[in-house]
Amino acid sequence: MGRRHAVTTDANGTIYVAGELRSGPTVFDDDSPKGLVESGIAFVARFDEDGVVEWVAPITGDAIGIQTDDIDVDPYGNVYIAGEMEGGGMYTFGPGEANEVTVSTQGNFADLFIAKFAANG
């Protein structure tokens with residue numbers, strides 16, 4: 001199961017959600033392989049105006065957790081999220097993708113972040 005932290009829509013009615021994952025594989029859409037997140041601690045997802053999943057981008061990590069506090073979309077469909085990462089450890093945005101990014105946090109304090117996802121996830 002998961003918990004959403006931020007939701008927005010674009011001019012076309014496309015829905016964008018950012019949130020955290022709380023346990024095991026999470027299925028956003030039974031009919032689409034794009035709707036399954038095998039592992040991760042957070043996600044960014046895009047749904048069409050009818051609520052059908054278009055893509056889900058997981059965020060993985062070995063630290064305490066990540067919280068997405070805000071989400072926005074630019075006129076080109078790029079998605080921006082902002083939030084905080086807790087505890088010392090590593091976080092990977094877009095794991096397995098050609099443009100994956102891994103960042104580390106230090107100590108037990110929260111580090112702030114801003115991340116950009118392309119219009120296609």
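Author: Buried means under 20% relative accessible area, exposed means over 50%, and partly exposed is in between, using a 1.4 Å probe and protein chains only. Threonine 105 is a case in point: its relative accessible area is 4%, so it counts as buried. One caution: this is a predicted model, where local features need pLDDT of at least 70, side-chain atom pairs count only at pLDDT 80 or more, and totals for chains, interfaces and linings use all residues. Residues are numbered from 1 along each chain as its sequence is written, and side-chain values use heavy atoms, with hydrogens and water left out.

Reader: Which residues does threonine 105 touch?

Author: A contact means heavy atoms within 4.5 Å. Leaving aside residues up to four places away in sequence, threonine 105 touches Met85, Gly87, Gly88, Gly89, Tyr91 and Asp111. Threonine 105 itself sits in strand E10 (residues 101-105).

Reader: How many helices and strands does the protein chain have?

Author: Those are DSSP runs numbered from the N terminus: helices are H or I with at least four residues, strands are E with at least two. Here the protein chain has 0 helices and 11 strands. Of its 121 residues, 45% count as buried. And among contacts between residues at least 6 apart in sequence, 46% join residues at least 24 apart.

Reader: How do I read a sheet, say the one with E7, E8 and E11?

Author: Start with pairing: two strands pair if DSSP finds at least two bridges between them. In this model, 3 strands form an open sheet in the order E7-E8-E11, with antiparallel pairing. Strand E7 (65-73) and E11 are the edge strands, each pairing on one side only. Then look at the bridges: E7 and E8 are joined by 8, with aspartate 70 opposite alanine 82 in E8. Strand E8 (residues 79-86) pairs with E11 over 7 bridges, and isoleucine 81 stands opposite alanine 115 in E11.

Reader: What happens in the hairpin of E7 and E8?

Author: There are 5 residues between those strands, and glycine 77 takes a positive phi near 90° in that hairpin.

Reader: What about E2: how many of its residues are buried?

Author: 6 of the 7 residues of E2 are buried, so this strand is largely enclosed by the rest of the structure. The C-alpha atoms of valine 17 and aspartate 70 are 9.4 Å apart, although 53 residues separate the two along the chain. E2 also pairs with E5 in the antiparallel sense, over 6 bridges, and glycine 19 has phenylalanine 43 in E5 as its bridge partner.

Reader: And which residues have the most contacts inside the largest nonpolar core?

Author: A nonpolar core is a set of buried Ala, Val, Leu, Ile, Met, Phe, Trp, Tyr and Cys residues joined through side-chain atoms within 4.5 Å. The largest one here has 20 residues, and Val44, Ile66, Ile71, Ile81, Phe93 and Phe117 have the most contacts inside it. A second, separate core of 7 residues includes Leu21, Phe43, Phe47 and Val56. Back to isoleucine 66: beyond four places in sequence, its contacts include Ile59, Tyr91, Phe93 and Phe113.

Reader: How many aromatic pairs are there?

Author: Rings of Phe, Tyr and Trp (its six-membered ring) pair if their centres lie within 6.5 Å; planes under 30 degrees apart are stacked, over 60 edge-to-face, and the rest tilted. The count is 1 aromatic pair. Phenylalanine 93 and phenylalanine 113 have ring centres 5.4 Å apart and planes at 55°, so the pair is tilted. It links distant parts of the chain, strand E9 (residues 89-93) and strand E11 (residues 111-117), the two residues being 20 apart. Phenylalanine 93 is buried at 11%, and phenylalanine 113 at 9%.

Reader: Last one: which residue forms a salt bridge with glutamate 54?

Author: Side chains of opposite charge can pair when their charged atoms come close. The rule is a side-chain nitrogen of Lys or Arg within 4 Å of a carboxyl oxygen of Asp or Glu. By that rule there is 1 salt bridge: glutamate 54 with arginine 46, their closest N and O atoms 2.3 Å apart. Glutamate 54 is partly exposed at 26% relative accessibility, whereas arginine 46 is buried at 17%.
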